[in-house]
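Hi,

Here is the structure I promised to pass on.

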Amino acid sequence: MNASDRNDDVPVATDADGAPGADGGNGHRAGNGSGPAPGNPPEFRPYHHPAAGWGAAKSVSRVLVREGALVDGARAILRMNHENTGFDCPGCAWPDDTKGLHLDICENGIKHVTWEMTRKRAGKELFGTHTVTELAEWSDSALENEGRLTGPLVYDAATDHYVPISWKDAFELVGRTLRELDSPDRAAFYTSGRLGNEATFLYQLMARELGTNNLPDCSNMCHEASGRALEASLGTGKGTVDLKDWETTDALFVIGVNAASNAPRMLTALAEAHRRGARIVHINPLVEAAATRTIVPHDFVDMALFHPTTTSTLNLQPRIGGDMALLRGIAKAVLELSDSDPKALDREFVDRYTTGFDEYRARCEATPWEEIEQQSGVPRAGILAAARTYRDADRSVVSWCLGVTQHEHGVDTVREIVNLLLLRGNLGREGAGPSPVRGHSNVQGNRTCGIDHRPAAEFLDRLGEVCGIDPPRAHGLDTVRTIEAMHRGDVTVFVGMGGNFALAAPDTPYTCEALRRTELTVQVSTKLNRSHLVHGRQALILPCLGRTEKDEQRAGVQSTSVEDSMSMVHLSVGMKRPASPHLLSEPAIIAGIARAALPDSATPWEWYVEDYDRIRDTMAKVLDGFEDFNRRVRLPLGFRIRQPARELVFLTPSGRAEFSAAPLPDVVPAPGTLALGTMRSHDQWNTTIYSDDDRYRGIKNLRTLVFMNPDDMRERGLGEFDPVDITSTARDGSTRSLHGYLAVPYDIPRGCAAGYMPEMNVLCALADHSTQSDQPIMKHLKVTVERSAA
């Protein structure tokens, strides 16, 4: 996108009460929809308490009361994450406890479940009363707070209302539009990661039988860098670690992860690791609550005695983007130690299983400590402390999340993690290995089961043979390329399975305009959100069952399977009566669209939906590691997909684990600029915002803020809660601005700043995506911050 394609300055709307907000392309604030309300001024009190504990318990109680879910919520708590008899938490992808824990739950999981189980309904009255234009002025939280969608809806342009439509007519509208395309590549099929494996498999099968690999997904925006890096280094796109490895390792390195909010059940693993004497190193520009202390709520004695457990032995705060330099420094220190201590380097492992070591060693030796300190922002003493922890541990696990991947150099940084692990043979044995933290339940399963715009030829061969289709071979479009194609008019049909694409994607106004240029948008959802109001010339809202609800099909109540972030596949069975009798399951919706779009298809779509075991039998023939699927998935805790690299089998061109030797990027901000990273608040899940509070960062009644180093604030003459304008500059020279945000002093390195997504997605130009992974670089935006003129 060229600067001439858009206004250089993105206007920022003002809500009715005069509070500033970010323009989401519809004159609304893209978030909770209000600045501090009258009588509720913003507050900032640094948080010094343990993560979870009684604060989490109080928060859960308030949520259950607010949603009127004291009974259903309590039942859900007792059924969530129970092996093969309960439903999988629709929140994060942290693995289920291996010891049969009966309360393997967390605060945010309960929020997510009760939000889905609400008694509120967004039905005919809502859509009959309000036009789409009127609804577009509502806050995003207010839209979702209307409750569960109750039946299929179609947009009526003449009245500007969504009106009811039968499922048959809805499917025919989608099918006819897809049939009339002059090329199947004019359609894109997106998924947010919420789909179960069975629906995922049907979804990609439908797209490929239609003739396209346009299967963008949320992985394109979060962990694409991890997959590409691990594939290049180890021949697998996933981590090799399981929860037992976390339970036996000597050292944990947790990088770019806000575990207390994004993977709260990790707190249990951190607490247990500390109790048994493991060393725990947290590496993050912000010292998050999970990196200090915790009281795990199901540890009843600790709760009763208010007894916290330490969750770290070392905290390092690199500058934004400085993780690669810090990791290079640890590796350099380990190699220097090996000159006098042969045990510091596992030379036998390196020689037997790896290639490229000599080049990597030369790169480390040639990188001066001054450069490592400057680029990482961490003094040499801190890096050496981390190196000693790594050297002294017999077995180490390195874990990371979006703080590592959403950068231009995300792939190189993940490969640097692998380099470090290879130096000491931390692969292929218990308690060791790489462990990416996936943020959304089953996002990893989506990729495993075929949601991939760059599918492997071997997968397509098996899919074609087993399913009797001729799948397309050309690569499809990822998320960024799909937005560009919609904006150009090359993609005219957008189907979204879950999520809130308009807000989750970068460059919000540009993305919204791209969606509006389509012929048809189809959103499969449980609740009303912004993406329903930013639509094509024609639009459908197709409401589906939630994961907590019973899925009744011809063969009885169905189960679906999900894959966690450590490759465990297990069943999920809903417990609650559906919110409306007019809801369909995701497999049924996909099958309905497929039959309408492919009337002559030999695929037994309806037969598959009658009994999901039939889908799993087909998946077992197509997918590596899913052999004997129906039996194995019903085992206690399910089964783990085989990872060849865990067994020291490397499916790389060399047949070995491959060191990389990339130079360090320059991540030091230019004078007068800051590196800004977007993040979630604690009271938020992806684009769903429960309140304007962020307990673990000490914030109340405020989302339109920017966290800054106090010295950077003083340099700009700013005090706490002073209004500021934030302007980003994209690679193409265009700028985007947010106005009237409030500055908050925080413990963050000089030259760095942070704030909340999705509001700040406005600042990330579509052009600002990694050349290594195509991921939007939402964790490394170049911005200026100045006092607001008003």
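Just after helix α22, Gly468 has a positive phi of about 70 degrees. Before going further: this is a predicted model, where local features need pLDDT of at least 70 and side-chain atom pairs count only at pLDDT 80 or more, while totals for chains, interfaces and linings use all residues. Residues are numbered from 1 along each chain as its sequence is written, and side-chain values use heavy atoms, with hydrogens and water left out.

Helices and strands here are DSSP runs (H or I, at least four residues, for helices; E, at least two, for strands), numbered from the N terminus. Buried means under 20% relative accessible area, exposed over 50%, and partly exposed in between (1.4 Å probe, protein chains only).

Back to α22, which spans residues 457–467 and has Phe459, Leu460, Leu463, Gly464 and Cys467 as its buried residues. They sit on the same side of α22 because they cover an arc of only 130 degrees around the axis, taken from the directions from the helix axis to the C-beta atoms. On the face turned away from that buried side you will find the exposed Glu458 and Glu465. The cover over the buried residues includes α8 (197–210) and α29 (612–622), where contact means heavy atoms within 4.5 Å.

Helix α25 (residues 508–516) is mostly covered, with 7 of its 9 residues buried. Those are Thr508, Pro509, Tyr510, Thr511, Cys512, Ala514 and Leu515. Among the elements lying over them are α23 (479–488), β16 (493–497), α24 (501–504) and β17 (520–525).

Now for the cores. A nonpolar core is a set of buried Ala, Val, Leu, Ile, Met, Phe, Trp, Tyr and Cys residues joined through side-chain atoms within 4.5 Å. The largest one has 61 residues, and Leu178, Phe189, Tyr203, Leu540 and Leu542 have the most contacts inside it. Helix α27 (residues 586–597) gives the most to this core, with 8 residues. Another core lies apart from it, with 54 residues, including Ile283, Phe357, Ile383 and Val398. Not counting residues up to four places away in sequence, Tyr203 touches Phe189, Tyr190, Thr191, Leu195, Ile451, Val495, Gly496, Met497 and Ile590.

Then there is the barrel: 6 strands close up in the order β25-β32-β29-β31-β30-β33, with mixed pairing. On average, neighbouring strands of this sheet are turned by 45 degrees against each other, direction ignored (axes are lines fitted to C-alpha atoms, for helices over the stretch in contact, and angles run from 0 to 180 degrees between N-to-C directions). Two strands pair if DSSP finds at least two bridges between them. Strand β29 (residues 705–708) runs parallel to β31 (residues 735–745) over 4 bridges, with Leu705 opposite Leu742 and Val706 opposite Ala743. With β32 (residues 752–756), β29 is antiparallel and joined by 2 bridges; there, Phe707 has Ala754 as its bridge partner. Leu705 and Phe707 point one way from β29, Val706 and Met708 point the other way, and all are buried.

Last one: Ser312, in the loop between β11 (309–310) and β12 (314–316). Ser312 is buried, with a relative accessible area of 12%. A polar atom of its side chain lies 2.8 Å from the backbone oxygen of Ala291, and the Ser312 side chain also makes a polar contact with that of Asn315 (3.1 Å). A polar contact is a pair of N or O atoms within 3.5 Å; within protein, one must be able to donate a hydrogen and the other to accept it, and residues adjacent in sequence count only if both atoms are side-chain atoms.

Cheers
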